[in-house]
Amino acid sequence: MFGLTPLGAVHTLISLLALGSALLALGRHQAIAWRSRLGRWYVGSTVLTCLTGFGIFQHGGFGVPHALGVLTLLVLAASAAAEYAGWFGRAARYVATLGLSLTVFFHLIPGVTETFTRVPAGMPLFTGPDDPALQKLVGLLFLLFLLGAGWQVRRLRAGRGGTTPVAANGRVV
């Protein structure tokens, strides 16, 4: 289907699970939280997405998509260090929250690239990763990330955006 290998299909399904859990978390809590169920689903499926992506070499050897996978794992590690080890001091909750949001943007880069260079079948919207129209779309997604990150920072500063969403009964959701 759409030129995907079996590994590519599994990779795509896992990445869709990651994006779905991220969108649900952002919709419900305006942040992805490490200690929430959706946050754990997001992080786990994002790690699996990166690991399965390392086995995909459709365009030759190690390339930009693989480097993005490494960068995603590094950002997740920094975010975890902020959340659980208190690294980054007073900025820890900002690093934890914004790091997870940044990884969503990282998911979208290969997501829109691979989708719209294959779809619609036989007449894809973009010719390849270097297509100027695709680069504009990625730029727009980055702008949306920046706007969302600014909004999250405002919520954190106001004390309404803690990294762990808690239900009315006091349980982590």
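1. Let me start with Leu 71, which sits in helix α3; helices here are DSSP runs of H or I with at least four residues, numbered from the N terminus. Leu 71 is partly exposed, at a relative accessible area of 37%. On that scale buried means under 20%, exposed over 50% and partly exposed in between, with a 1.4 Å probe and protein chains only. Together with Phe 57, Phe 62, Val 70 and Leu 74, Leu 71 makes up a nonpolar surface patch of about 490 Å² accessible area. Such a patch takes residues with over 30% relative accessible area and no salt bridge, and joins nonpolar side chains (Val, Leu, Ile, Met, Phe, Trp, Tyr) within 5 Å, while like charges are joined within 9 Å. The areas come from the Shrake-Rupley method with a 1.4 Å probe, and for residues only the protein chains shown count as cover.

2. A word on the basis of all this: the model is predicted, so local features need pLDDT of at least 70 and side-chain atom pairs count only at pLDDT 80 or more, whereas totals for chains, interfaces and linings use all residues. Residues are numbered from 1 along each chain as its sequence is written, and side-chain values use heavy atoms, leaving out hydrogens and water.

3. How many salt bridges are there? The count is two, taking a side-chain nitrogen of Lys or Arg within 4 Å of a carboxyl oxygen of Asp or Glu. In one of them, Arg 35 pairs with Glu 83, with the closest N and O atoms 2.7 Å apart. Arg 35 belongs to the loop between α1 (6–29) and α2 (37–53) and Glu 83 to helix α3 (residues 64–85), so this pair ties together parts 48 residues apart in sequence. Arg 35 is partly exposed at 35% relative accessibility, while Glu 83 is buried at 12%.

4. Glu 114 and Arg 118 form a salt bridge too, at 2.8 Å from N to O. Here Glu 114 is partly exposed at 29% and Arg 118 is buried at 17%.

5. Helix α1 has 24 residues and spans 34 Å between its first and last C-alpha, close to the 34 Å expected at 1.5 Å a residue; the expected span is 1.5 Å times one less than the number of residues. Its buried residues, among them His 11, Ile 14, Ala 18 and Leu 19, pack against α2 and α4, with contact taken as heavy atoms within 4.5 Å.

6. Finally, some backbone spots to look at. Most residues other than glycine have a negative phi, and most peptide bonds are trans. Gln 30, which follows α1, has a positive phi near 60° and is partly exposed at 23%. Phe 88, in the loop between α3 and α4, has a positive phi near 80°. The peptide bond from Val 119 to Pro 120 is cis, with omega near -10°, and Pro 120 is in the loop between α4 and α5 (132–157).

Terms used: Helix = DSSP H or I, 4+ residues; strand = E, 2+ residues; numbered from the N terminus.
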